[in-house]
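Please keep the structure in view while reading.

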Amino acid sequence: MSQPHLVLGVPPSSWDESLSFKIHCGISEGVIRNIEPVGRYFLAHARRKLNNHSFSEDEHIQAEANAKKLEVIHDEDSEEETPELLSRDPKDWKEQDHYAILGLSKYRWKATDEQIKQAHRKKVLKHHPDKKASSGNTNDDGFFKCIQKAYEILSDSVKRRQFDSVDEAIDDTLPSAKAKGDFFEIYSPVFEREARFSTKTPVPMLGDINTTKSEVQAFYDFWYNFDSWRSFEYLDKEDTDNTDNRDDKRYIERKNKAERARYKKEDNIRLRKIIDQALSLDPRIQKFKQEEKAAKEAKKKEKEDAIKNAKEAAQRAAEEERLKKEQAEAEAKLKQQEEKKEKANKKKLIRNERKSIKTHLKTHNYFYPPNEPPPLDVIEMQLSELDFLFEKLSLEELQNVRKQLDSTQDRHDANQILVKEASRLVSSGVLPVDSVKYFKSDSIDVTENREQKTKDIEEHKVIEEIPKERPWDVEEISLLIKAANKFPGGSLNRWERISEYVADHSGLPPRTNEELIKKSKDVQKGTVALDENDVRKLQHQKKHADTRITEHPSMREATIDYDAIAASTVNGSSTSANNTNTWAPAQQAQLERALQAYPPSWKGEGDRWDKIAEAVENKTKKECKLRVKYLAEQVKAKKAAQST
């Protein structure tokens, strides 16, 4: 040990040796002694050395620590004693909040022994029975007994732990797995709350996003092996001290022990759920897994790259040649696809424009007054001529016609637009003059009396056709049926071609369109007047050739049943057809359900009519469309007949 040296300072300039100095004795020689650190002063010295604090800093820190330990319950911080609290029965001491009784609700398990003593002393001074007796109240000592019981519980470390284990103020809630926010801000308070029940200290905390992998693993290892001192003796419903019988005591103890084990098991399950949920949501675990996966994939990729580079050296030339060839093929294929797509788009646009123009015809009631249903033959003629016009019009011309129709709401103007377009095609030589009949400029009457003139013309036609109509024989009816099947609805100049067919094969003069349409309707309805010999001839022809009309002249999906014709002629009544070409009830029901499932407002993927056709057995898209159109025209005709 080094020898200490004592150095005296220089005396001040005002010091006078003759006045201020007096020698009492001489200074002895120095003695070497061993100084050993001991006691609280050595502890203070070591604390200052470890923390690198000065004397003043250490004294200030210790003063603050002592102030916290000696914190007292001031009057202004005291908790208000509610009437419910003051009226508690001391017999129900297990139901009372001991911290609230002593006014320590804000401290609870964090309250120190010194704070408990001070709170008890203060409550005793306020509620002691002797003090109340002096004021004339000699019977009110129930709350004082509650104070004594609370102090008994909280001053005993074992009993206090039992009470703290089941304290109602404990927050045992499990955070929601879908809770939004920072993971560490949500779960750090949870683990800090549970850490106070640990028998092992120090308890590792959750940390932050920068915590190392080893620390995170140590954290979850500790919590998965968490040893809790939390017990549930305080919840015992029966006390062994209340009986002297040894068997009763054993029974009560077994019963209480089973309840404690159940509570302990539930608490362990609750804690395990918290840990499992935190582990599943911990962003650090996900980060560690991604890092491990990335490292593994990098190592694997490095190995694969080495093999790949070795192969590429030998295959580079062949690969380049193959790529060039594939590139040329891909460019050609892409060009072909683009052309096909462009063609399909153009076709779709043309179809939409045609549909829009036909919609305009329907909107304008086929250029008839709104309250007058147009004849079916007029509708058929307009649609047929319109289809023929469509074949000669380009996409731009169709768009131009549709825009003109969109810009007008008058049926006469709309009709005039189509007439002008047909006249333009005829004058330019695109259409033959005789191919346009309805949309001729001279066939449109734009006067206000067009409806009356039309009625007069139709009445005149009826009067003229009655004496001029030539009787039909069986051969002509048979040829009409064959021609109707050969030239189905929608065919260009259908009725002119049917007339030529019947005239060529029968050798008789050609029939007018009106005669053909009228006879087709009669045959369709099964109301033709034939004698028994003619019926037998028709039945004989039906056996040797398919002479059925599968389509109505203007209603595209209908059939003729010769058995029904024969029955109506011979027996005087008509029967329903049972033909394989008709729509079965099941198919009709499927069509109705499909129309409900895919209404016109349907916006799903694919074409609406394709979906409807898939839902109906053994029927194509075209057949479904024709069936719907046929049913719509039937309903319209029925309404028109009822209105007249």
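**Helix packing and nonpolar cores**

The crossing of helices H11 and H12 is left-handed, as seen in a model that is predicted. Helix H11 covers residues 213-224 and helix H12 covers residues 246-281, and their axes come within 10 Å of each other.

**The H11–H12 pair**

- The axes of H11 and H12 cross at roughly 160°, and since angles over 145 degrees count as roughly antiparallel, the two helices are therefore roughly antiparallel to each other.
- On the H11 side the contact is made by Tyr 220, Trp 223 and Tyr 224, which meet Leu 271, Arg 272, Ile 275, Asp 276, Ala 278 and Leu 279 in H12.
- Sorted by class, this contact of H11 with H12 comprises seven nonpolar and two charged residues, with no polar ones.

**The largest nonpolar core**

- The largest nonpolar core has 28 residues, and those with the most contacts inside it are Ile 357, Leu 361, Phe 367, Leu 386, Leu 389, Leu 418 and Phe 439.
- Two or more residues of this core are given by each of the helices H13 (283-363), H14 (376-392), H15 (395-406) and H16 (411-427), and the largest share, seven residues, comes from H14.
- Leaving aside residues up to four places away in sequence, Leu 386 touches Ile 357, Lys 358, Leu 361, Leu 418 and Phe 439.

**Another core**

Notes. Residues numbered from 1 in each chain as written. Predicted model: local features only at pLDDT ≥ 70, side-chain atom pairs only at ≥ 80, totals over all residues. Heavy atoms only, no water. Axes fitted to C-alpha atoms, helices over the stretch in contact; angles between N-to-C directions. Helix = DSSP H or I, 4+ residues; strand = E, 2+ residues; numbered from the N terminus. Parallel < 35°, antiparallel > 145°, perpendicular 65-115°, else oblique. Left-handed = near helix turned anticlockwise from the far one by under 90°. Contact = heavy atoms within 4.5 Å. Nonpolar A, V, L, I, M, F, W, Y, C, P; charged D, E, K, R; others polar. Core = buried A, V, L, I, M, F, W, Y, C linked by side-chain atoms within 4.5 Å. Buried < 20%, exposed > 50% of the residue type's maximum accessible area, 1.4 Å probe, protein only.
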